[in-house]
Amino acid sequence: MDYILEVNNLRKEFKKFALKDISFKLEPGYIMGFIGPNGAGKSTTIKLIMNLLKLDGGEIKVFGLDHKKHEKEIKDRIGFVYDENYYYEDLTIKQMKNIVASFYSKWDDATFNDYIEQFDLDPKSKIKTLSKGMKMKFSLAVALSHNADLIIMDEPTSGLDPVFRREILDILYNVIQDETKSIFFSTHITTDLEKIADYITFINKGSIVFSETKDEVLENYSVVKGGIDLLDRDIRKEFIGLKETNVGFEALTNNKDKVKRLFGEEVLIERATLEDIMFYTVRG
Amino acid sequence: MKILISNSSNEPIYEQISSQIKSMILKGELIEGEMLPSIRGLAKDLQISVITTKRAYDELEREGFIESVQGKGSFVASQNKELMREMKLKIIEEQLQKVVKECNVLGLSYEEVSEMLRILFEEV
């Protein structure tokens with residue numbers, strides 16, 4: 001199997017934070033969601049993939065090519081959406097587009113214009129007058145208008161209203177109707193991923209917690225609810241994370257069968273959401 | 001073709017898809033040779049992941065309900081009539097089992113239930 005994106009034992013050290021042995025792989029035709037709390041290392045990982053930061057160890061391959069040696073070729077085939085604005089504030093959408101378009105060998109003006117119309121953007125507006133959501137729409141239009149094979153997005157849905165977030169999901173579905181294209185996007189809004197993502201890679205404190213298909217993740221984890229009288233020190237250790245209140249406890253487990261053996265009908269065992277998994281893993 | 005996915009059901013989504021398609025085939029709503037939606041198109045329509053949809057189709061293919069042709073898509077497979085009948089009987093048996101359980105809860109006798117069945121049969 002050839003991977004469209006392959007990250008092996010990636011390391012990056014800062015004074016107060018380090019990425020430790022980050023590894024994951026993405027096949028063509030699929031969507032991977034990259035989740036984790038703020039400060040977990042999501043943006044750093046994406047900046048390393050885009051070679052905007054220098055790595056301290058490990059390797060990154062995009063389209064099977066080394067991300068540094070073939071940087072130019074790779075970037076021509078990546079549609080990139082940042083969570084920050086990297087455009088010239090004083091230019092209009094059209095002027096900015098003309099600059100960006102010149103970087104890409106397969107720029108497609110017709111596609112861009114379609115998106116601009118669909119997103120209700122005025123080509124004559126200056127970048128600085130755009131709201132956060134409109135800037136995101138502009139970035140997205142650029143990322144999708146040069147026949148990219150891999151779309152990489154850093155928090156594309158944060159700051160967007162639910163209506164447009166749903167529209168983005170539809171646009172992303174359209175991208176992967178082509179089996180050779182893939183999407184990698186980081187987010188902390190996990191409900192978006194619960195629908196669309198094929199794979200989930202979860203990063204916490206600079207390390208990968210898991211990188212698996214979403215279906216596996218959601219099957220492996222369960223939320224357990226029960227009375228606090230059931231808890232003792234050993235039982236508490238069985239859970240990945242636990243929240244106790246006056247009227248009961250709620251906990252996360254990745255061993256549903258054991259919990260069933262221990263408590264039988266005394267507890268409720270429910271499907272965990274990605275948010276549950278993130279919350280309890282991060283908080284403990 | 002109608003497929004409805006419940007997010008609150010405990011049944012995994014891929015099973016919801018495969019069992020609904022299976023039942024359409026068993027009921028004859030989908031006939032031999034009919035083309036199913038593409039995996040990616042169905043994922044988009046149901047707003048679920050491609051892998052989940054693929055798993056549902058893989059399951060249906062393994063059980064012989066559909067056939068996939070590389071580059072062309074997935075089609076309803078020709079069904080073995082004997083096998084179909086047996087599967088339908090199995091579904092009826094399962095539903096009857098549920099009914100029997102409910103009857104036990106209410107304390108209905110076999111005679112009472114059989115009388116009910118007789119009336120229902122006559123009404124049809």
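Modeller: Let us begin with contact, a word we shall need throughout: two residues are in contact if their C-beta atoms, placed from the backbone, lie within 7 Å. Helices (H or I, at least four residues) and strands (E, at least two) are DSSP runs, numbered from the N terminus. This is a predicted model, in which local features need pLDDT of at least 70 and side-chain atom pairs count only at pLDDT 80 or more, while totals for chains, interfaces and linings use all residues. Residues are numbered from 1 along each chain as its sequence is written, and chains are lettered from A and ligands numbered from 1 in the order in which they are written.

Colleague: What does the secondary structure of chain A come to?

Modeller: Chain A has 11 helices and 14 strands, and its C-alpha trace spans about 65 × 40 × 40 Å along the principal axes.

Colleague: How should I read a helix, and which residues of α6(A) are buried?

Modeller: An α-helix has 3.6 residues a turn, so residues three or four places apart point the same way. A residue is buried if 20 or more other C-beta atoms lie within 10 Å of its own, exposed if 12 or fewer, and partly exposed in between, with the C-beta atoms placed from the backbone. In α6(A), the buried residues are A:Ile168, A:Leu172 and A:Tyr173. They cover an arc of only 145 degrees around the axis (an arc of the directions from the helix axis to the C-beta atoms), which puts them on the same side of α6(A). On the other side of α6(A), A:Val163 and A:Asp170 are exposed.

Colleague: What do the buried residues of α6(A) pack against?

Modeller: Their partners are β3 (31–35), β8 (182–187) and α7 (190–196) of chain A, together with α2 (39–46) of chain B.

Colleague: How do I read a sheet, and what is the order of the strands in the open sheet of chain A?

Modeller: Two strands pair if DSSP finds at least two bridges between them. Here the open sheet of 6 strands runs in the order β6-β7-β8-β3-β9-β10 (chain A), with mixed pairing. At the edges stand β6 (78–81) and β10 (207–213) of chain A, each with a single partner strand, so one side of each is left without a neighbour in the sheet. Within the sheet, β3(A) pairs with β9 (residues 199–204) of chain A in the parallel sense over 4 bridges, and A:Met32 stands opposite A:Tyr199 in β9(A).

Colleague: How many residues does each chain bring to the contact between A and B?

Modeller: Chain A brings 14 residues and chain B brings 11 residues. On the side of chain A that touches chain B, the elements giving two or more residues are α6, α7 and α8 (214–220) of chain A.

Colleague: Which residues of α3(B) are buried, and what covers them?

Modeller: Those buried in α3(B) include B:Val50, B:Ile51, B:Tyr57 and B:Leu60. Their cover includes β10 and α8 of chain A, together with α1 (13–26), α2, β1 (66–69) and β2 (73–76) of chain B.
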